[in-house]
Amino acid sequence: MVAKASKAIKVCLTNSGDDVETPWAHDLGPAPGPKGSRKVRLVNVPFMHAKPTWGDVVVVTPVKDGFPTWDRSGVTWSDIASRIHEDGGRWAMIVDYESDADAEECFDAIAHACAELDAVCEGAWAPNATRAGRVYLAVKTGTTDKAVMNHLGRAELPCMLAQIHPTPTAAAPAAKPTARGSARKPAKRAAPTKPTKKRATARR
C-alpha cells in the first residue's frame, strides 16, 4: 500500500512575537499539547531562524486569525533542541553573491553546486546595484562551512561569493563572473509537493 503524501501547509515561526516568518511545512499529524497541535516538517529554509531549518520537525499550535505557530519562546541557542521535536540533521548557512551575469543564472548555478553536496539552497533576494544577492543553505550535519565554500569555489560559478554566516575563519574562495546580464527579481516560494534539494522558489 502506498503511503499518502503529507499535506503542505503554511506555518508561522516566531520568538515571542519577534522574527516572524511563514515557511511551508508538511503536516505529519496530531501532536501532544494544546488542542489542535500538529507535528510538521519544514520544507523551506527559514531566513529569521537558524533553527529549526529545512527537514526539522516542530510542533505548531493553532492561533486566532493566523497560521499554526511554533514559538522559540526566548530559549537560548544552547537549549534550542528543546523546542525541536525531531532534528532533521541540518544547520543553516548564509552566502552572498555578486556578478555582472544574469541573476537567475547565478542562483541556478549556486543551487546546482549545493545540490551536489546535498545542501538545500533557497534565494532570499537577487543582487542589484546597491546590494549583493543572498542565499540561505540547509547543510547536512558533518559538512563544514569550509567544505561548502571550497566546493562552491571549485564549481566555476559565474559570480563572486562571500560567506556571511557562520563567520568564516579564513577568506573563502570565490568564482569569477564569466558573463554579463541584468539582475532579476528574487525567487518567490511556492508550496512544494515534496522535499527538494534543487531550487526552492520562495518567498514567504
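Visitor: What should I know before starting?
Guide: This is a predicted model in which local features need pLDDT of at least 70 and side-chain atom pairs count only at pLDDT 80 or more, while totals for chains, interfaces and linings use all residues. Residues are numbered from 1 along each chain as its sequence is written, and side-chain values use heavy atoms, with hydrogens and water left out.

Visitor: Which strands make up the open sheet, and in what order?
Guide: The open sheet has 4 strands in the order 1-4-5-6, and their pairing is antiparallel. Strands here are DSSP runs (E, at least two residues), numbered from the N terminus. Two strands pair if DSSP finds at least two bridges between them.

Visitor: Which strands are at the edges?
Guide: Strand 1 (7–10) and strand 6 (57–60) are the edge strands, as each pairs on one side only. From one strand to the next, the twist averages 45 degrees. For such angles, axes are lines fitted to C-alpha atoms, and the angles run from 0 to 180 degrees between N-to-C directions.

Visitor: How many bridges join strand 1 to strand 4?
Guide: Strand 1 and strand 4 run antiparallel and are joined by 4 bridges. I9 has A25 in strand 4 as its bridge partner.

Visitor: And what does A25 stand opposite in strand 5?
Guide: A25 stands opposite L42 there. Strand 4 and strand 5 are antiparallel, with 5 bridges between them.

Visitor: How many bridges pair strand 5 with strand 6?
Guide: Those two strands pair over 4 bridges, again in the antiparallel sense. K39 has V59 in strand 6 as its bridge partner.

Visitor: Changing topic, where do strand 2 and strand 3 come in?
Guide: Strand 2 and strand 3 form a hairpin with 2 residues between them. In its turn, S16 has a positive phi of about 55 degrees. Strand 2 (residues 12–15) pairs with strand 3 (residues 18–21) in the antiparallel sense over 2 bridges, and N15 stands opposite D18 in strand 3.

Visitor: Now the charges. How many salt bridges are there?
Guide: The count comes to 7 salt bridges. A salt bridge is a side-chain nitrogen of Lys or Arg within 4 Å of a carboxyl oxygen of Asp or Glu. Side chains of opposite charge can pair when their charged atoms come close.

Visitor: What does R38 pair with?
Guide: The side chain of R38 meets that of D27 in a salt bridge, at 3.2 Å from N to O. R38 lies in strand 5 (residues 38–42) and D27 in strand 4 (residues 24–30), so the pair links distant parts of the chain, 11 residues apart.

Visitor: Is D27 buried or exposed?
Guide: D27 counts as buried, at 17% relative accessibility. R38 is partly exposed, with a relative accessible area of 27%. Buried means under 20% relative accessible area, exposed over 50%, and partly exposed in between (1.4 Å probe, protein chains only).

Visitor: Which residue does R41 bridge to?
Guide: R41 forms a salt bridge with E86, with the closest N and O atoms 3.4 Å apart. R41 is in strand 5, whereas E86 is in the loop between strand 7 (69–71) and strand 8 (90–98), 45 residues apart. Both are partly exposed, R41 at 26% and E86 at 38%.

Visitor: What about D96 and R134?
Guide: Their closest N and O atoms are 2.6 Å apart, in a salt bridge. This pair connects strand 8 with strand 10 (residues 133–140), 38 residues apart. Both D96 and R134 are buried.
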